[in-house]
Amino acid sequence: MFKDKLRFGLIVGAIVGIVGAFFSYCRPNVMEVYEAVSYDARADWSADPDRADPRIVLVDISDMDIDWMDNKTNAPWPWPRAFHAGVTKYLMEHGAAAVIFDLVFQDRSNLGPEDDELFGKALAQSKHTVVGLNLSENEAKHRPPGPYAARIGDFADCTAAKKQVIRYYRYKFRTFLLPGKTKKGCVLWIGGEETLSELNRLLADLGEVDQFKETVKSITTKRALNASERSRELTAKQLIFQHAALPLKGGGKLVAPHYPYIHVPQAPIALGATLGVVKQRTEPDGIFRRYAPAMIYKNKLLPSLALAGAMRAFPKRKLHIKKGRLHWGKTRLPVDGCGKIPVRFHGSGAKTYPRIGFRHFIDVIAQNSDHKRYREDLGAVRKKLVDSVRDEQRLPTAIRDALVTLWTNLQKAETGCEIRLNHKRLRLLEDLTAKDTWHTLRVLWAAQELAKANAKKEGCNEAAAAAVKKITALRSKFNTNFKTVKAHIFTARGLKYTAACRDQAEKALMALHKTMSAKKAQPKLALKQALAWDKLVGAKKCQHKLRDSVRRELLKTDLKRAQRFKRFKNIKPGDIRGRIFYVHADVAALRDLKPSPVDRRHRGGEITANFLDNLLNGDFIRRTPPWVSALTALLLCLLLSVGTFLVSAVTRSAGWVAVLSMVISTLVVSVYGFIAFTLYNASGVWLDMVQPSLWALAAWGGALGTNFYQEGKSRRFVQDALGRYTAPALVKELMSNPKALSLDWGENRELTVFFSDLQSFTSISERLTPEQLVHLLNDYLTEMTEIILESGGIVDKYIGDAIMAFWGAPYDDPDHAMNACRATLKMQERITELHPRWELEYGENIIARCGLNTGRAVAGNMGSKHKFNYTLMGDTVNLASRFEGANKPYETLKMIGEGTYKVVKDQVVTRELDFLAVKGKERPVRVYELMCLVEDNDEHCIELAERFNQALDIYRQTKFEEALALFLKIIDDYEGDGPSKLYVGRCREYIRNPPPLDWDGVYRMKTK
């Protein structure tokens, strides 16, 4: 049995597994939708900000930055390109690995072409800058070039001519490179206007620009170009495309997304930096899961923004193609059939990558400029002060000391916060010194007092007072001991002057940052250091090292959540070396939002930063090939199918088989899902979950259904086999109720019993051979049994040629008496139909007598504990047996008892045969002959029954002569009616020997 279950499990599992493997290999779109949902769950579950590369820094251009720039510099958005140029230069000077602008500078600057050129020069000074390039599905409309152009000059080399082309794009001139006198030479034409007057007007405007004055004066030829010459137009798009395309080494066809159109940035900007495509397509459901590292435009490969940034940050790692695969250095980019790579997301928002506002860099650049200008002015004033007092030998020592004090205060002012105010003091001092030396003395004294007052005003006294309030407010939060608070107050008040405050505050800042970044921050220590930081803030210092995002984040941080410093990963502007700075727009109006598995409002810049992180660390998501999914589906199907069949071999209960197999299937699918999640998180392996799991569950369902079908088939086989030895209905009852298989099972119920026997069977058996007799009996019993079973009866037993059957047990049958009558009539009809065949084959005329009786009897198991049968016991059964034998003297074939007659009298045609007391019974019963069904409307049958019942009634009135005449008439009319013959003999006997006066009409049988 175990081997059979194993074999069936393998067969079902193989069938479902092969189908599942086929669909898993094909990966139909309808299933890929659900696979994407499982992928999103894994991506969100495995997103870990701690895995993010801190070298990637997001430079946000937010609404706050735009407002700040508008207030401080009066520069509305879009900003002058000089700002971008300044930030680029600042980052490159401080050692940034790369600067990536997720901005497409397609429009000209509002400040004119010079602004674009300034930015382009800043980009060109370094090989580590990237600017966005936009590919599109839609073509931008451009005016076709007009015919009129002006000849600029001949060039021996077309490369030199192309360098000149960019100069003219700034002033909306179109350029045409026509063949020159030499093979490599070119003739440069500018124009592309519809009329000559329009061309002259543009040339006049160009002539007003200093660098083009001589060029315009030297123009001698203006004419309309023909169509062939106009087709040689050299556009900025062509130059930029040639600049942006990747010169790849290697062979093989590369898979990458194709785009039909390109929208280029301004030429000076585009040619000054590496270009990276910003366009990325989302999935059909709108979720961004995959990133294309490169795109194809006009059979040329263009890098994405992330790939271009990685190439600029690490220029030694070359991009090449090997066997149709894109490699960056030693890293193979695992692109799929669409040329994309699934992104491993580390998270979204401020908790993932270090961030800093664009305004911070502008602020630092402005400070550097102010400090530089102040130092220059300070040097000039110092020289004038020295020159003004050099010859004043009569100045007393006090004045000379005052000069030293003034100089010291000026040095302090260099690091003070009000640089512009210090500038005004310097100018005033310079003017007064130049006018009158003695007046300078008064200025020195005033300056000294001013410095002292400034020290008090800008010192730590106010900060100390503020610290007292702060300490009082913080005391309730940390439950700090009052003595400790008092000590902090005295410490704060002890800091009186700016210089002392500044030095200690710097130390306090570093200690605070270190403490708050620790894993187990100590609230009391943090409080103490926070108070020292408050002193620094109260002093309103504006040192270069302190004016950064760290200060602002520290001011916003809740001391109860010390780990927040670590999670935000914000950096100082000076913390630049070796980092990749990604400049992107985070403005509400320009915000590039794409739904991703980890955030339904994920910023496009953050998505690119995540993929850039994947590139730098080789931390890719690799989807397994289709054959792995197919093999996994097949193995899971085999496992669950075999497991289900083996469970059915352990227990026979269908309920337990279903429950246990369902638990096993759920466990297997859950373990597989856990493996898929773990592989994704640990190794970046995207293992298909949905199809293998669904097909595995389908295999479980198929195995369970097949097992139930086999069990049902086995039960049906056993039932059918047992049904050949006993009643099929009884077998069904035993199969559904095993408790019935006991000697205690039995019940007293109303039912109908049937007995039949063949007439003269002993003589028949003597005339036939044993083989013929067996064949005849089998044929006869089969035909009769089928009729009994079709009518809902139960064949109790075969006793030679005799049949015992019953209706109404073990199932309830409210119409059992009528069903028995119908079956009896059908059996007689079937015997009549089979007479010719049996007489031909066996030479015998088969006649069967039947007896029916209805009443109460005990139906149940009877016998011994070793062997028992389901049968009937009771007087109803005995009477039915007697009725079958009682047919012989009446020459009838279908006798029913009074109990049956009362139930079916309205549905069948009968005639009363006698008031009979069978042998062994004192109590007489009325017996009837079952003649036909009322519904058959047999006139012959009905007339015979009426005439016989009339004659019998006269007979019982002891009118024997009259009854004799009626019975004789019936015999003549109905071809020797058997019951009439019997009563003819009785009438003659009673005529000779009349019965006693108390005669009751009962006939007592002497034999069975």
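This is a predicted model: local features need pLDDT of at least 70, side-chain atom pairs count only at pLDDT 80 or more; totals for chains, interfaces and linings use all residues.

Visitor: At what angle do α33 and α35 pack, and how far apart are their axes?

Guide: In general, two packed helices are described by the angle between their axes and the distance between the axes. Here α33 (residues 939-956) and α35 (residues 978-992) pack at about 20 degrees, with axes 12 Å apart. Axes are fitted to C-alpha atoms over the stretch in contact, and angles run from 0 to 180 degrees between N-to-C directions. The crossing of α33 and α35 is left-handed, the near helix being turned anticlockwise from the far one by less than a right angle.

Visitor: Which residues make the contact?

Guide: From α33 come F948, L952 and Y955; α35 supplies P979, S980, Y983, R986, C987 and Y990. Contact means heavy atoms within 4.5 Å. By type, the residues of this contact divide into 7 nonpolar, 1 polar and 1 charged. Nonpolar covers Ala, Val, Leu, Ile, Met, Phe, Trp, Tyr, Cys and Pro; charged covers Asp, Glu, Lys and Arg; the others, Gly among them, are polar.

Visitor: Now strands. What does strand β12 pair with?

Guide: Two strands pair if DSSP finds at least two bridges between them. Strand β12 runs antiparallel to β13 (residues 300-303), joined by 4 bridges, and M295 stands opposite L302 of β13. The hairpin has 2 residues between the strands, and K298 takes a positive phi near 55 degrees there.

Visitor: Are the faces of β12 covered or open?

Guide: Both faces of β12 (residues 294-297) are covered: A294 and I296 on one side, M295 and Y297 on the other, are all buried. Buried means under 20% relative accessible area (exposed over 50%, partly exposed in between; 1.4 Å probe, protein chains only).

Visitor: In what order do the strands of the open sheet with β14 lie?

Guide: The order is β14-β15-β16, with antiparallel pairing. At the edges, β14 (319-322) and β16 (331-332) each pair on one side only. Strands β14 and β15 (residues 325-328) share 4 bridges, and I321 stands opposite L326 in β15.

Visitor: How many helices and strands does the protein chain have?

Guide: The protein chain has 35 helices and 32 strands, taken as DSSP runs (H or I, at least four residues; E, at least two) numbered from the N terminus. Of its 1008 residues, 50% are buried.

Conventions. Residues are numbered from 1 along each chain as its sequence is written. Side-chain values use heavy atoms; hydrogens and water are left out.
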